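Dear colleague,

Please find the structure below, followed by a summary of what was found in it.

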Amino acid sequence: MEKFKLHAPFPPAGDQPQAIKALLNGLKKNAHYQTLLGVTGSGKTYTMANVIAKYGKPTLVLAHNKTLVAQLAQEYQDFFPENAVHYFVSYYDYYQPEAYIAHSDTYIEKEAMINAEIDRLRHAATQALLTRKDVIIVASVSAIYGLGSPEEYKKAHTKLTVGESLSRADLVRRLVSIYFERTNADLSPGLFRAIGNHVEIMPVNEKTLYRISFTDDARIASIDALNPISRAHLSTHDTLFIFPAKHFVTSKSERVRALSSIKEELDTRLAQLKREGKQLEVERLRRRTLHDLSLIREIGYTNGIENYSRHFDGRCAGEPPSTLLSYFPKTSSGEPDFLTIIDESHVTVPQIGGMYAADRSRKETLIEYGFRLPSARDNRPLTFEEFEERTGNFIYTSATPGVYEKEHCDLSSGKVVEQIIRPTGLVDPTIFIHKVTGSEKYKGQIADFISEAGVVIKGGGRVLATTLTKVMAEDLTNFLKKKGMKATYLHSDVKTIDRITLLTEFRRGVYDVLVGVNLLREGLDLPEVELIGILDADKEGFLRSETSLIQTIGRASRNVLGRVILYADIMTGSMKRACDETNRRRALQMDYNKKHHITPKTIRKEIHDIAESLRTGHEKTVENIISIEREDFRKAPRAFLKKKRAQMNSAVSELDFETAAIIRDEIRALEKQSEKPKRAQVSRF
């Protein structure tokens, strides 16, 4: 069995040694629930990496948003470069679920834009779970949503061996049967092409091109790995495993059975609607379902096919779907045999619990008004109880554990393990309270924040600001730009990969001020931040609760100069509790430093960009060209773009469409950069 090999840049320090020991003792005693109460910057991820290495079982790390998942994946990849660390999030860049609004008779069709690179990473994660033991999957709550059956997925894979009796035509048929698509153009994951006596394949989980060569008597002569761009020879293989290009795999016989089952359910449902006198719903459901069945029968797919997943999987009504959890190993008795780490559990646990109810409510409306069959209910996320049944021993990690975590630790004879002391000696930041409203002597929170931020930026530090709404974040960002500051905003409308890129650029100094709502709280590791301004801190509510304030304050605890300004006219209960807890921790940390003669130092952390691994070769090429030619563009934008358009048209006339596409995207990117931001409304500031 593969072993986890931890690349530790330093030995555990501060509270880490006792936390690692306590958590491992709990796992040995089979405590199902444990909690690590670790302050921001105390190295919770490093502590958990040590636990994973010593425990030795596959591990699922769940976090509540894609940005945090990406950061954690990068950290675990750094700790375990020789093991299989994978990133698993929703592959949608944009997703609008199907819905019906009864009071306005409005039907909203499902719209989705799939990110092919994230889909590739999802396949890499599931394939690693089916072929290795030294696996760490860092995932969002996408892990509890339906995924194809691991048994069918594994059963449908193709094993190719040198010397095997197999013709080129047979291999082509095999690939098509597992959802690979044939092309005569360039390959991307999930595509193949047949050239002469060779078949070239790009597996869905990687970006390496494999060339399978055949002998004249229909045998596999060789299997070679090639660089897909330069076609340089990388390696030679005796065996190659090709997994299906889709997670949802159904054999022909199963498809026939599923179509019959769907038709049977349709007849039953139509009879029920007729008895209820719902003729409109009868016609609507009959037309839609028969149309879907026709498409599935002819081409194997229809938009919204996931709503029939129970029939294809052979599940009973109400039975939960297969998910990422189904791919993790089990004991001989069928019990989950892996470790589950819930990062920032005070947010992630409620998020997991809320997914099922929201999905159910939307589906019930669609079913009631004849847009979907009742079996659509079973295309759903897991309930919280189902999630817990399918996971191994839990370790919750948070600076502010919720009631649920603490109660369940007591129930399972587990522990709440505190990790207050940071290995770096850093203490929690100092907190200052400044007025929100202006006066003759005081100009108000925005003017004060700009003044305080200016001092920090002049000294080379970075600044965070948190607002109450997305609109306020965008308005403040534009206002700061007008004041000459390098500012940008980050909120949930920013695409996944763009969020990661913005954070990397912020750390590198492309931006000095980052403005956000609640994305700047849990888990983000930004050691360059010296100042945080929490605007309207006295507006009691979710974004200004005790937990939210402590989490936001923690973002400044990785820098020795870290400080936080709470802008408030009154001292709320949440503010007082957050300040008291921060001061309690600060006192313990300062006493420890004094006793051990420790001088705090700012964390020095290498800046990685996990977004690099998510970009396609085409995107990287465009970015590289822009970086080289940006100066020429700045000198004469119109003339430069005119020349580029001429080059693009020339490439098209020569049928060099790849070059034309690169130039086209370069033009689009440069035009976008040169556009002046348009304001939808008057600034609030």
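Two strands are taken to pair if DSSP finds at least two bridges between them; helices (H or I, at least four residues) and strands (E, at least two) are DSSP runs, numbered from the N terminus. This is a predicted model, in which local features need pLDDT of at least 70 and side-chain atom pairs count only at pLDDT 80 or more, while totals for chains, interfaces and linings use all residues. Residues are numbered from 1 along each chain as its sequence is written, and side-chain values use heavy atoms, with hydrogens and water left out.

The sheet: 6 strands form an open sheet of mixed pairing, in the order S10-S11-S12-S13-S14-S15. Strands S10 (181–182) and S15 (233–237) are at the edges with a single partner strand each, so one side of each has no neighbour in the sheet. S15 runs antiparallel to S14 (residues 220–226), and 4 bridges join the two; Leu-226 has His-233 in S15 as its bridge partner.

Helix H6 (residues 168–177) lies across S10, S11, S12 and S13, at about 20 degrees to S12 (axes are lines fitted to C-alpha atoms, for helices over the stretch in contact, and angles run from 0 to 180 degrees between N-to-C directions).

The helix pair: H13 (residues 445–458) and H14 (residues 470–482) pack at an angle of about 55 degrees, with axes 12 Å apart. Ile-446, Phe-449 and Ile-450 of H13 make the contact with Leu-476, Phe-479 and Leu-480 of H14 (contact means heavy atoms within 4.5 Å).

Yours sincerely
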